[in-house]
Amino acid sequence: MIFFKTLRGKLTIIFFVSTVTITILTFFLLIFTTQKLIFDQVNHHLHIVINEAKKIVEENHEVDNIEPLKNLVSAQGMTVILLSSDGSPILQTNSFDVADVTEHQMQQIVFSSTNKEEPQHFSVNQMQFATVPVSIYGYQDGILAVGFSTKIINNTIKEITTIIIFVLLLSITVVSIVWQTIIKHYLLPLEKISQSALQIKKSSDLNKKVKTNTTTIELKNITASFNNLLEKLKQVFEEEHLFFSDTAHSLKTPLAVIRSYIETLPRQQNKKKNEILNYIDSLNETIQDLLIISKINTSYPKNSKQINFSEIVSTIAELTQTIGLEKNITVNQVIEKNIFINADEQLLTKAILNVIKNAVDHESQNGTITISLNKKNNISELLIKDTGVGISSKDLKSIFNRFYQSKNSQSKKGNGLGLSISKAIIERFEGKITISSKIKKGTSVFIFFS
Ligand SMILES: Nc1ncnc2c1ncn2[C@@H]1O[C@H](COP(=O)(O)OP(=O)(O)OP(=O)(O)O)[C@@H](O)[C@H]1O
Ligand SMILES: [Mg+2]
């Protein structure tokens, strides 16, 4: 889920895991401590009673006189059992709310008895026992046990546990809601900055500014720095645009003058004349390209009109056949009909033609250029594949840089601007262009629009 990849989602997980861990630990510590304190009290009580009972048994010489012991355990929830050393019961007296000791409990009493004078404590079937060796009425060794029913205590602890669990769950829910509200409030400016950055990336509109009314110093600083950065970027782009257009315009007129002067030169110098005219034409092309680059991100409107991509590609494929005639290039076209995208027809044609021009320029004699267009999962994919000289992996890294040409470039009159223009146009309409190539095997250019 995307939420858990956001800062808010991650902070929520950290908070939730730590809160739940602390709560569970606190819960167990609380229950354990309460239980221990209560049972310590019970054992202390049993200790006093069993010492008292031992005194009665050892000092009383009438076996049938159970009155003193009965009086002793008349306190609620108590029982006294006297056993002979072989474990057979001699007498048992219970307070009114305690049932007779069960066979199992009896076994445990015998099992736990030792020769130690100190009472032994243990718990069985919701009864806490203390046992001690005793000399019965002065003539026989036996075991004296005092039991205390912990049923009520156990039930109370259960009830307290349920209440604590309920209160903790409620607290976790309330605290989580409060935490969510707090982090939402504090992270909102950051989310706004992130959304603005995304919007600016999408629309390439540097006029947009991030607006937040945060009071957090760090976020205030980030917002201010981000807006400052946008302003500076805008300035840089504007200056670049101005530089390109000023340079282009100031070169245009003198070039036109030189061109018309050269054209008037006498026929005898035709070879030299044509060479110079070619140079001038190449320079003119560079100037045109510079103007296009400067305009793509600034003055060209971002056209959101639906255009028939399939028709444009078909027309370009026909043109490829014509310009490929010189090298006897075969053009394979697999073009799915009626694929529409949002773009400017003229600019898109320019972008694709630059790629086609490269494919033809670098294709070998009798080579094959494949042009395929299809749409899968809402993504239109155009592939222009040639079987020409290919591009080295080192050159591939810089291929979209302005004025970059590889050493084995065969672009006629090329200036290294074609691919950078194609990329700028395609990205202007939210598309993507990638190139894969192998030396001497050929090059594949992929163009995607979603
Ligand atoms: N299909 C291709 N096969 C081989 N190399 C290519 C191919 N496409 C581009 N290149 C290499 O990438 C370089 C840059 O291409 P780009 O189109 O940007 O400039 P150019 O073709 O040299 O000049 P321009 O397109 O501006 O006339 C080319 O010079 C060439 O070396
Ligand atoms: Mg080119």
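1. Strand S1 (residues 78-84) of this predicted model is mostly covered, with 6 of its 7 residues buried.

2. On one pairing, S1 runs antiparallel to strand S5 (residues 140-149), and 7 bridges join the two. Within this pairing, Ser84 faces Gly142 in S5.

3. S1 also pairs with strand S2 (residues 89-94), again in the antiparallel sense, over 5 bridges. Here Thr79 is placed opposite Asn94 of S2. The hairpin formed by S1 and S2 has 4 residues between the strands, and Gly87 in it adopts a positive phi near 100°.

4. The largest nonpolar core has 34 residues, of which Val313, Leu348, Ala351, Ile356, Ile384 and Ile425 touch the most other members. At least two residues of this core come from each of helices H6 (270-296), H7 (309-323), H8 (345-362) and H10 (418-428), and likewise from each of strands S9 (368-376), S10 (379-386) and S12 (442-449). H8 provides the largest share, 8 residues. Domain 2 (217-296) and domain 3 (306-449) each contribute at least three residues to this core.

5. Which residues does Leu348 contact, leaving aside its neighbours within four places in sequence? They are Ile312, Ala343 and Ile425.

Methods:
Residues are numbered from 1 along each chain as its sequence is written. Chains are lettered from A and ligands numbered from 1 in the order in which they are written. This is a predicted model: local features need pLDDT of at least 70, side-chain atom pairs count only at pLDDT 80 or more; totals for chains, interfaces and linings use all residues. A nonpolar core is a set of buried Ala, Val, Leu, Ile, Met, Phe, Trp, Tyr and Cys residues joined through C-beta atoms within 7 Å. A residue is buried if 20 or more other C-beta atoms lie within 10 Å of its own, exposed if 12 or fewer, and partly exposed in between; C-beta atoms are placed from the backbone. Domain bounds come from an automatic or database domain assignment. Two residues are in contact if their C-beta atoms, placed from the backbone, lie within 7 Å. Two strands pair if DSSP finds at least two bridges between them.
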